[in-house]
Amino acid sequence: MAKRWLNRHALRGLVSIVAFVVLWELVVVLKLPYLKFLPLPGQVAASLGQSIASSAYWQDWELSLGRILVGFLAAQALGITLGLAMGISRTARRFVFPIFEVLRPIPPIAWIPLAIIFWPTTSLTIYFLVFTGSFFIVALNVLDGVKSVDQSLVRAAYSLGAKPRDVFWRIMLPATLPYVLTGATVGMGVTWNVLIAAEMVTSAGQSGLGGMTWAAYTNGVLPVIVVGMLSIGVAGYLSSALIRFLGERFMPWRRRI
Amino acid sequence: MSAGGALSIRQVTKVYDPEGVHVVAVDNCSLEVASGEFLVVVGPSGCGKTTLLNVIAGFEELSEGEIRLDEGPLALPGKQVGPGAERIVVFQNGALFPWKTVLENIAYGPVVQRRMAKNEAQRSARELLRQVGLEGIEESYPAELSSGVQRRVEILRALINEPRVVLLDEPFRGLDAVAKSVMHQFLLDMFERTRCTMYFITHDLDEAIFLADRVVVMTTRPARVKLELSIDLPRPRDHRVLGTERFLKLKQAALEAVHEEALKAFQAGERELA
């Protein structure tokens, strides 16, 4: 029964994808205004085939993923630490929070000019931008998490003989974990936005999936633009799936509910 | 298992003073709980009975008076022994750790006190579950259990530490009547078996009289002892006791006192609103 249900859903998904491709083909073939420059699905597929066979394409993947990894992990590490500090110590919160309130509303993309000027290399610039993209989100989510830890759990732990250290490591941290996951999920989405924008702006030769897409635009190779877009979509999807997987791995008590 | 502790609450006053608003939650309240006694505290909601429990548990400080457990001081003004495993709290809404399995939850106390190795603690947790007929849920997470089973696990998590007093703050609130009666039987079994002192808060009079050796009715805020009722119903008790004349008589006496206080609380509430 479960299998048939799954199949029906898979079938619907397939139908919708096929319909989308057919519509795409029609739009180009019928030369609808504004859309007639769109490459045909077949052309995109062929271009994708060429890309997959070329090492330059995979280097772009590697470069983008590497940048995401460094910037995102740094944002997690610092964001979680600062979020915990702000959550636990009122003094830390009073020091840091005002700066947060000023800097947080600035869209990460608005940091691009300053970042280019400040950082000596393209890589450092992009790491920094990717970091900025998710750092505030992560820190604020963790802060929120610490503040919403159920106080009766904390009291129960003390009542059972726990020391403040035990409460921090065994109660505060696991109770905050779902908020860390939310921060990571939202942060990852923003991170890809920022990365692609940054790569397009700082594009210089080899420069990741964003740079590849932008180079295809400046060279007027339309199918490659679409290949770049699709690649970015797949990369974003895979990153989110990885975070979901890690979330379930580290929070088994939520998986089984 | 260890014998229960005697709890002595002497002229305790608790005043809250958030930003100049002077609120007396507990006023000159004295209460003796004998070793191995099942005491039930009854009073209108918000009367300060939970505050008193929090002070005994070590979560809050008292303003005046003192509290002793077996002659060792627990709380004096400005000098508070923090929470500890000799007086464990069972909470109103349940406080099992959602990220720990049943076994890990029960084993938590002995492990965190570094009294037992993890293996050993889990072995005795398993044994405890077996004794009360709750095998098969060892590896479950709390969210996978019914609330009745959760409460039983929580009580076991307290009892594995052989506390001298168990402080129960309306632990069966929100359970349906059937689950509640199962819980009552379970708690009485545990009480017979361990004989540790029970300090139990509720506003359900049937529950109070069914469980207690003695029922204490509190006044509305600030909390003071209004009435003490010795419950001389023979143990072991089961649900049949609920229909006996003696039970109904005791309930009537308690009801009058509670009703009077509830009315006062209601009028005070109206005054505050006016």
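Strand S1 of chain B, which covers residues 7-16, contains Gln11(B). In this predicted model, the phi angle of Gln11(B) is near 45°, a positive value in a residue that is not glycine. Arg235(B) and Pro236(B) are joined in the cis form, with omega at about -5°. Pro236(B) belongs to the loop that runs between strand S11 (225-230) and helix H7 (245-273) of chain B.

Two packed helices are described by the angle between their axes and the distance between the axes. In chain B, helix H2 (residues 102-112) packs with helix H4 (residues 147-159) at an angle of about 30°, and their axes are 7 Å apart. Angles under 35 degrees count as roughly parallel, and H2(B) and H4(B) are therefore roughly parallel to each other. Their crossing is right-handed. On the side of H2(B), the contact is made by Val102(B), Asn105(B), Ile106(B), Tyr108(B) and Gly109(B), while H4(B) supplies Val153(B), Leu156(B) and Arg157(B). By class, the residues of this contact are 5 nonpolar, 2 polar and 1 charged.

The axes of helix H2 (residues 41-53) and helix H10 (residues 222-250) of chain A come within 9 Å and cross at roughly 70°. Because angles of 65 to 115 degrees count as roughly perpendicular, H2(A) and H10(A) are described as roughly perpendicular to each other. Here Gln43(A), Val44(A), Ser47(A), Leu48(A) and Ser51(A) of H2(A) meet Pro223(A), Val224(A), Val226(A) and Val227(A) of H10(A). This contact comprises 6 nonpolar and 3 polar residues, with no charged residue.

The other pair in chain A consists of helix H3 (residues 55-88) and helix H9 (residues 208-218), whose axes come within 6 Å and cross at roughly 135°. That angle makes H3(A) oblique to H9(A). The residues of H3(A) that make the contact are Asp60(A), Trp61(A), Leu63(A), Ser64(A) and Arg67(A), and those of H9(A) are Gly208(A), Leu209(A) and Met212(A). Divided by class, the contact of H3(A) with H9(A) holds 4 nonpolar, 2 polar and 2 charged residues.

A straight helix of 38 residues would span 56 Å at 1.5 Å a residue, yet H8(A) spans only 49 Å between its end C-alpha atoms. H8(A) bends by about 40° at Leu177(A), and a proline, Pro178(A), follows within four residues.

H8(A) also takes part in the meeting of the two chains. In total, 14 residues of chain A are in contact with 22 residues of chain B. On the side of chain A that touches chain B, the elements giving two or more residues are helix H7 (151-159) and H8 of chain A. The most is given by H7(A), with 6 residues. By class, the side of chain A that touches chain B has 8 nonpolar, 3 polar and 3 charged residues.

Conventions. Residues are numbered from 1 along each chain as its sequence is written. Chains are lettered from A and ligands numbered from 1 in the order in which they are written. This is a predicted model: local features need pLDDT of at least 70, side-chain atom pairs count only at pLDDT 80 or more; totals for chains, interfaces and linings use all residues. The expected span of a helix is 1.5 Å times one less than its number of residues. The bend at a residue is the angle between axes fitted to the seven residues ending there and the seven starting there. Axes are lines fitted to C-alpha atoms, for helices over the stretch in contact, and angles run from 0 to 180 degrees between N-to-C directions. Angles under 35 degrees count as roughly parallel, over 145 as roughly antiparallel, 65 to 115 as roughly perpendicular and the rest as oblique. A crossing is left-handed if the near helix is turned anticlockwise from the far one by less than a right angle, and right-handed if clockwise. Two residues are in contact if their C-beta atoms, placed from the backbone, lie within 7 Å. Ala, Val, Leu, Ile, Met, Phe, Trp, Tyr, Cys and Pro count as nonpolar, Asp, Glu, Lys and Arg as charged, and the others, Gly among them, as polar.
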